[in-house]
Amino acid sequence: MRRMEKIAVLTSGGDSQGMNSAIRSVVRTGLAYGYEMIGIKRGYKGLIENDFITLGSKDVSDILYRGGTFLQSARSEEFKTEVGQNKAVNNLKNHEINHLIVIGGDGSYRGAQSLLKQGINTYGLPGTIDNDIPLTDYTIGFDTTLNVIQDAISNLRDTMSSHERVSVIEVMGRKCGDIALQAGIASGVDAVLIPEFGYDMKAVASQLTQGFERGKTHSIVMVAEGAGTAEEIAALIEQHSNLDTRPTVLGHIQRGGTPTAFDRLFTSRMGHKVIDLIHKGVTGVALGMEKNEITYHTFDEIVQSENEIDEKLYKMFHDLI
Ligand code: ADP
Ligand code: F6P
């Protein structure tokens with residue numbers, strides 16, 4: 001009888017809502033296609049430390065609606081070294097694992113690309129809330145994060161209106177302004193400051209002052225962490241106006257919560273597709289969604305591409321305020 005081929009899955013880098021749903025889809029589809037499924041704990045750290053578990057259908061029950069990742073995630077400096085990568089490759093070979101699915105962000109993709117060059121068949125799913133991966137319209141957890149921010153802003157509005165204040169809210173995204181821009185549009189904020197475009201604080205302060213003069217009872221300014229801190233921006237607004245301002249850093253609250261239906265569906269579709277690609281002999285690719293289709297590109301293509309902010313959306317925001 002032919003031995004079953006093995007597929008392993010790990011989650012790496014910052015966790016994101018929907019990673020669990022992606023693992024569930026990968027495991028259940030893999031089992032349906034006749035593969036043996038292996039989970040690797042704590043990303044590349046567990047890969048180096050040989051922390052492997054066999055996954056059956058029941059092991060991925062009750063995780064679809066949970067944020068985080070039950071396989072847990074980590075960052076590993078050792079994995080970036082030749083010694084670390086050799087340990088990883090040897091562990092995979094000793095377990096006779098033929099395929100490795102990496103759910104993570106661009107750093108994790110670079111890791112997968114290195115393993116690919118050493119003969120491991122690797123695959124990527126875009127697991128990061130930042131929406132900063134090229135050649136996909138969305139990353140896992142981005143939509144849920146927008147919803148978390150939307151709810152937080154709704155709470156801030158209540159207290160800011162009572163005190164006629166300006167709220168400056170700092171959101172995540174590393175060097176990418178997508179979270180700030182898209183959450184800003186969805187929440188109807190008054191200004192969005194993102195690293196991809198410059199801003200003039202005097203002009204922002206003057207626009208906010210005019211808003212209050214027209215009868216507004218509060219203002220919300222959204223700043224992406226790559227463009228400055230809430231504290232700095234709040235101080236600059238007070239320097240250029242007479243407005244009473246309060247900074248809020250939303251922090252890791254943005255990375256939690258039950259994934260939205262969009263993130264559950266998106267990850268279920270990608271998990272299914274990646275197993276199908278493995279079955280068809282495709283290797284060295286990462287998946288994403290473009291124009292509502294699940295698509296894939298080679299790691300080389302993705303790593304060499306620039307992630308671009310949607311300029312039209314940025315312009316549109318300014319027509320809506
Ligand atoms: P993300 O995947 O969310 O971008 P990181 O950038 O922290 O998060 O990367 C996650 C892990 O991927 C790192 O801790 C490291 O083990 C691995 N990694 C990152 N960059 C590289 C690289 N250039 N080569 C090999 N491995 C890398
Ligand atoms: O990449 C996801 C992300 O949440 C970024 O938006 C943020 O800058 C970073 O991770 C925070 O990292 P940590 O979880 O190590 O604090």
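Visitor: Which helices each supply at least two residues of the lining of the largest pocket?

Guide: Helix 2 (43–48), helix 4 (106–117) and helix 10 (299–304) each do. Helices here are DSSP runs of H or I with at least four residues, strands are runs of E with at least two, and both are numbered from the N terminus. By the way, this is a predicted model: local features need pLDDT of at least 70, side-chain atom pairs count only at pLDDT 80 or more, and totals for chains, interfaces and linings use all residues. Residues are numbered from 1 along each chain as its sequence is written, chains are lettered from A and ligands numbered from 1 in the order in which they are written, and side-chain values use heavy atoms, with hydrogens and water left out.

Visitor: Which helix gives the most to that lining?

Guide: That's helix 4, with seven residues.

Visitor: How much space lies in the largest pocket, and which lining residues are the closest to its centre?

Guide: There's about 1100 Å³ of space in there. Of the 42 residues lining it, G105, D106, G107, S108 and R174 are the closest to the centre.

Visitor: How do the residues of the lining divide into nonpolar, polar and charged?

Guide: You get 11 nonpolar, 16 polar and 15 charged. Asp, Glu, Lys and Arg count as charged, Ala, Val, Leu, Ile, Met, Phe, Trp, Tyr, Cys and Pro as nonpolar, and the others, Gly among them, as polar.

Visitor: Why is helix 7 called roughly perpendicular to helix 8?

Guide: The axes of helix 7 (residues 201–213) and helix 8 (residues 230–239) come within 9 Å and cross at roughly 70°. Angles of 65 to 115 degrees count as roughly perpendicular, under 35 as roughly parallel, over 145 as roughly antiparallel and the rest as oblique. So helix 7 is roughly perpendicular to helix 8.

Visitor: What makes the contact of helix 7 with helix 8, by class?

Guide: M201, A205 and L208 in helix 7 meet I233, L236 and I237 in helix 8 (contact means heavy atoms within 4.5 Å). By class, this contact has six nonpolar residues, no polar and no charged ones.

Visitor: Why are helix 5 and helix 6 called oblique to each other?

Guide: Helix 5 (residues 142–163) and helix 6 (residues 178–187) have axes that cross at roughly 55° and come within 9 Å. Helix 5 and helix 6 are therefore oblique to each other. Their crossing is right-handed. Residues in contact include F142, L146 and R157 of helix 5, with D178, I179 and S187 among those of helix 6. The residues of this contact divide into seven nonpolar, four polar and two charged.

Visitor: At what angle do helix 1 and helix 9 pack?

Guide: Helix 1 (residues 19–32) and helix 9 (residues 261–279) pack at about 35°, with their axes 8 Å apart. Among the contact residues are S21 and G30 of helix 1, and D263 and I275 of helix 9. This contact has four nonpolar, eight polar and two charged residues.

Visitor: What is phi of D62, and where does D62 lie?

Guide: Phi of D62 is near 65°, a positive value in a residue other than glycine. D62 lies in the loop between strand 3 (52–54) and helix 3 (82–94). L135 also has a positive phi, near 65°, and isn't glycine. L135 sits in the loop between strand 5 (121–126) and helix 5.

Notes:
Axes are lines fitted to C-alpha atoms, for helices over the stretch in contact, and angles run from 0 to 180 degrees between N-to-C directions. On a 1 Å grid over the protein atoms alone, a cavity is a set of points where a 1.4 Å probe fits but cannot get out, and a pocket is an open set with protein on both sides within 12 Å along at least five of seven lines; lining residues have an atom within 4 Å of a point. Grid points are joined across faces, edges and corners, and a volume is the space filled by probe spheres set on the points. A crossing is left-handed if the near helix is turned anticlockwise from the far one by less than a right angle, and right-handed if clockwise.
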